Structures are given as C-alpha cells and as structure tokens.
Amino acid sequence: ALRVTVADAPGVVLAVPEGQALDADWQTALGRALVAHVALPLRYDDLSVALDRARFVRERATTGPTPDAGLVYRLVGRGHAMERVHYLIERVSRTDSNVLILGESGTGKEVVARNIHFQSARANRPFVPVNCGAIPADLLESELFGHEKGAFTGAISARQGRFEAAEGGTLFLDEIGDMSLPMQVKLLRVLQERVFEHVGSNRSISADVRIIAATHRDLETGIRDGAFREDLYYRLNVFPIELPPLRARREDIAALVEELSARIGREKGINVRVGRDALAVLAGYAWPGNVRELANVIERMAIMNGDRPVTAGDLPPRLRQAAEPAAGN
C-alpha cells in the first residue's frame, strides 16, 4: 500500500491497488488517523474527495464537532430560522433518505447539501454536484448515466456518468426544477429500481447513491402546470429543507460578513474589515441575490479597500439608497 501524507491534516490517506481491500493491519495501525483511502492508479476525483475529507477532519479537530462543520463552507447563522435548518441537517444526516432543498437562488442550497453529505456515513465517498439547468436537455442523460463509444455523434470513447462517479456517496442534483420531462422519467426509474444503463448500452448498472436535489422553483406549481412529474416530486421530497432568504434572517448578516471576510482572506490573501456603520447599511438592505450577492459585495470591498476599514460611504450607492428607508424606520 502507498501511504500518502496529507499536508496540514491530522491523518493520512491510503492508496491501495484497484480491486484490493484495504489491509486490516494498516487500519489497526493507523486507527483514528486513517482519514480515507483511494484506489491505485490514482484518479483525480478520488484523490480530491480524500483531500476534501482530510480538510473536513482537520476543521472538526480544531473547532470541535459542531453542526456548522462542513466540507468547504460553514453554514453560518444562529437565528431561529437557521437553527431549524441546522437541526434538520443533523437529523437527516443520520439516514440515507432523499432530500429536497428549497429556497431562492443564492441562499446556499449546495452548502446545505455538502453539510448533509459530510456529516453522514457516506462522508468518505464522493459528493458529486450536477447543475441540471446548466446542461442542455439532450446532453443531460449522458452526463448523468454515461455513454458507450459510438452511442451518438461525437461519442468517440466511452464515458462514465455522474451516477457512477458518485457510487457509494451523494449525487447533488441542483436546479432539478429545470429538468426536462423525458429526463424526469429516466431519473424516476433510477430512484425506483436503483439501476441505470449507459446511453447506447442495455447492460444494467446498480446505483448505490444518495440523492439530494435542490431548486428555487415552486415544484407544486410545476406539477399543476404539467412541467414537473408528481411521482418524481414525491420520490425526491422525502425530507424537505426550506432555506430562508437573507432578508428574513438579518440577524445573521454580521456573522456572515465575518465568515465571508475570513474566507476571502484565506483564499485570496486580501484582508477586509467592515465597520459598524457599514454593517448597519448591510443589515438594512433587502438582498434579492441573498448570500451570493452579499459575498460579491464583500469581495468587491476587499479589492477596493485593502487593509482600510470599510465604511458606509464605501458601499455601492444602490445599497446605501435602498437601506436608508429601512434604517430610518
């Protein structure tokens, strides 16, 4: 076995020959230091998952096993609405049930999905996101299920799909409400029978995958309008989690600004400090783009201000003008 040391993580990742079981002696010797294992020859996706898992373990080791711990970003917020979300994540993470995450664009649906995955028993296996709205309908089947060489024009080689890439782990179907009706039928069959076929093949492949779906659309309205299948809706909606918009949890804005500022410092090496008067303006704005819009504003302020504290006058005029009436009430 090849021992791969993970930098800055409290453990190691083991690489073993493909098809060979992990040596019990290694497991015994490493004990809790074993973070994950990957197959040889190394593949990017497998190694990426293992390293992400190592970062997750490191975060839990330094901050404690709180419900906020996650793969990439913490789910910030301790107001009443977010306390409910944290509770639901903690409960459903113990199961393999399908989850449907609802909420406006930019509220952090993928962050919730990643938190569910990395607090579950599948945490050592892949988390594979797919944006169903960003992939053309005629390509989505191949993207999800893979295809055989020659299955269609341009298929010059066989290709693994996202279901295979997520085997044993979690498949996150973002913007499920944008999926075409024919594709919904094919997805429903996989959810019912737990098997699928490559495009251009009749060989069934089993699928041990947990499904987490998300959408900003009202699927019940979609059912009435004939745009979304009712049977698929009930298959996905085993455990719904609804994310509140940022305007409904203004008490979390200060904590979000602190988290986003720290993230920008880690990722881009730019320090940003937001003054109290600027925070008051941010708390008075309605944030139609939700947390994503707030993150963009903080990054812009970091670039513009450098190490100088951000004041209310530094904020974009549209924020100041929109927040003034609310601040005056």
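Visitor: Which residue of β9 does L102 stand opposite?
Guide: L102 stands opposite T215 in β9. Keep in mind that this is a predicted model.

Visitor: How many bridges join β4 and β9, and in what sense do they pair?
Guide: There are 4 bridges, in the parallel sense. Strand β4 covers residues 99–102, and β9 covers residues 210–215.

Visitor: Which helix packs there, touching β4, β5, β6, β9 and β10?
Guide: That is α4, residues 109–118. Its direction makes about 155 degrees with that of β5.

Visitor: And what does α3 lie across?
Guide: Helix α3, residues 80–92, lies across β4, β9 and β10. It runs at about 155 degrees to β10.

Visitor: Back up a bit. In what order do the strands of the sheet come?
Guide: The order is β5-β6-β9-β4-β10. That makes 5 strands in an open sheet, with parallel pairing.

Visitor: Which strands sit at the edges?
Guide: β5 (127–131) and β10 (239–242). Each of them pairs on one side only. From one strand to the next, the twist averages 20 degrees.

Visitor: What holds paired strands together, in general?
Guide: Backbone hydrogen bonds; the pairing can be parallel or antiparallel.

Visitor: Let's pick a residue. Is E242 buried or exposed?
Guide: Exposed. E242 lies in strand β10, and its relative accessible area is 60%. That counts as exposed because the cut-off is over 50%.

Visitor: What is E242 in contact with, leaving aside neighbours within four places in sequence?
Guide: V85 and L102. Also, the C-alpha atoms of E242 and R84 are separated by 9.6 Å, though the two are 158 residues apart along the chain.

Visitor: New topic: α11. Which of its residues are buried?
Guide: A278, V281, L282 and G284, in a helix that spans residues 276–284.

Visitor: Why do they line one face?
Guide: Look down the axis of α11. The buried residues fall within an arc of 165 degrees, so they line one face of the helix. As a general rule, an α-helix has 3.6 residues a turn, so residues three or four places apart point the same way.

Visitor: How many aromatic pairs are there?
Guide: The count comes to 6. One of them is Y233 with Y234, edge-to-face, at 5.2 Å centre to centre and 65 degrees between the planes.

Visitor: What about Y285 and W287?
Guide: They form an edge-to-face pair, 4.6 Å centre to centre, with 85 degrees between the planes. Y285 and W287 are both buried.

Visitor: Which residues form one aromatic cluster?
Guide: F145, F163 and F196.

Notes
Residues are numbered from 1 along each chain as its sequence is written. This is a predicted model: local features need pLDDT of at least 70, side-chain atom pairs count only at pLDDT 80 or more; totals for chains, interfaces and linings use all residues. Side-chain values use heavy atoms; hydrogens and water are left out. Two strands pair if DSSP finds at least two bridges between them. Helices (H or I, at least four residues) and strands (E, at least two) are DSSP runs, numbered from the N terminus. Axes are lines fitted to C-alpha atoms, for helices over the stretch in contact, and angles run from 0 to 180 degrees between N-to-C directions. Contact means heavy atoms within 4.5 Å. Buried means under 20% relative accessible area, exposed over 50%, partly exposed in between (1.4 Å probe, protein chains only). The arc is that of the directions from the helix axis to the C-beta atoms. Rings of Phe, Tyr and Trp (its six-membered ring) pair if their centres lie within 6.5 Å; planes under 30 degrees apart count as stacked, over 60 as edge-to-face and the rest as tilted.
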